[in-house]
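Let's walk through this protein together, one part at a time. Keep the picture open as you read.

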Amino acid sequence: MDVAFILDSSNSIKDEDFNEEKEIVKKLVMDLNTASDKNRAALVLFSNSPSLEARFGQYETVYKFQEVLQKVPKMGKKTRIDRALNVADNQIFPEARQGVSKIAVILTDGVQSTGAQGLSPSSKPLRDAGVRVIAVGIGDGKRERRLRLMTDRAEDVVDTKNIQGHLQKIFSDLIQTGCSKYQ
């Protein structure tokens, strides 16, 4: 499985929520065992501009990936989810392997700055390419209806309160069934 984690680091995310995003990703990366040949992780950080922090297979161990994750700073500024999704589509998923499940997990409140492209058209190229987009609502100001615009299914919008179990179930189902739409 190739999983890209896309973290909101804008001003609309509180510092404690940004730290929670990083902790969630650290746990999920551990659970996925990205050091194996079966699973790989990538990392994008975004605010006004996205920053590609890790490509698929760039770090040989889970611990090296987690070190990078731990060091990423909160960027602040405006929220441009559309730009982060564009980086995932154009710079991360072209490097994804054929025949494996592809997932983009975006952790955000779903609120974009004025002038941004809509969430549905921004995520459409990923979804059309067979990437399953999962939107994780972060913070008190999260907008579930906006998060839903990025996904194909309602169950792909997840709250941080039940994220670990929910995403583990999605990952397990994909590994077991090899769901062809997301390969």
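Helices (H or I, at least four residues) and strands (E, at least two) are DSSP runs, numbered from the N terminus. This is a predicted model, in which local features need pLDDT of at least 70 and side-chain atom pairs count only at pLDDT 80 or more, while totals for chains, interfaces and linings use all residues. Residues are numbered from 1 along each chain as its sequence is written, and side-chain values use heavy atoms, leaving out hydrogens and water.

Start with helix 4, which is followed by G130, a residue with a positive phi, near 90°. The buried residues of helix 4 (residues 119-128) are L119, S122, S123, L126 and R127; buried means under 20% relative accessible area (1.4 Å probe, protein chains only). Seen down the helix axis, they fall within an arc of 135°, taken from the directions from the axis to the C-beta atoms, so they line one face of helix 4.

Now look at the open sheet: its 6 strands have the order 3-2-1-4-5-6, with mixed pairing. Two strands pair if DSSP finds at least two bridges between them. The edges are strand 3 and strand 6 (157-159), each pairing on one side only. Strand 5 and strand 6 pair in the parallel sense over 3 bridges, and A135 stands opposite V157 in strand 6.

Finally, turn to two phenylalanines: F56 is buried, with a relative accessible area of 7%, and F93 is buried too, at 9%.

How values were computed
Buried means under 20% relative accessible area, exposed over 50%, partly exposed in between (1.4 Å probe, protein chains only).
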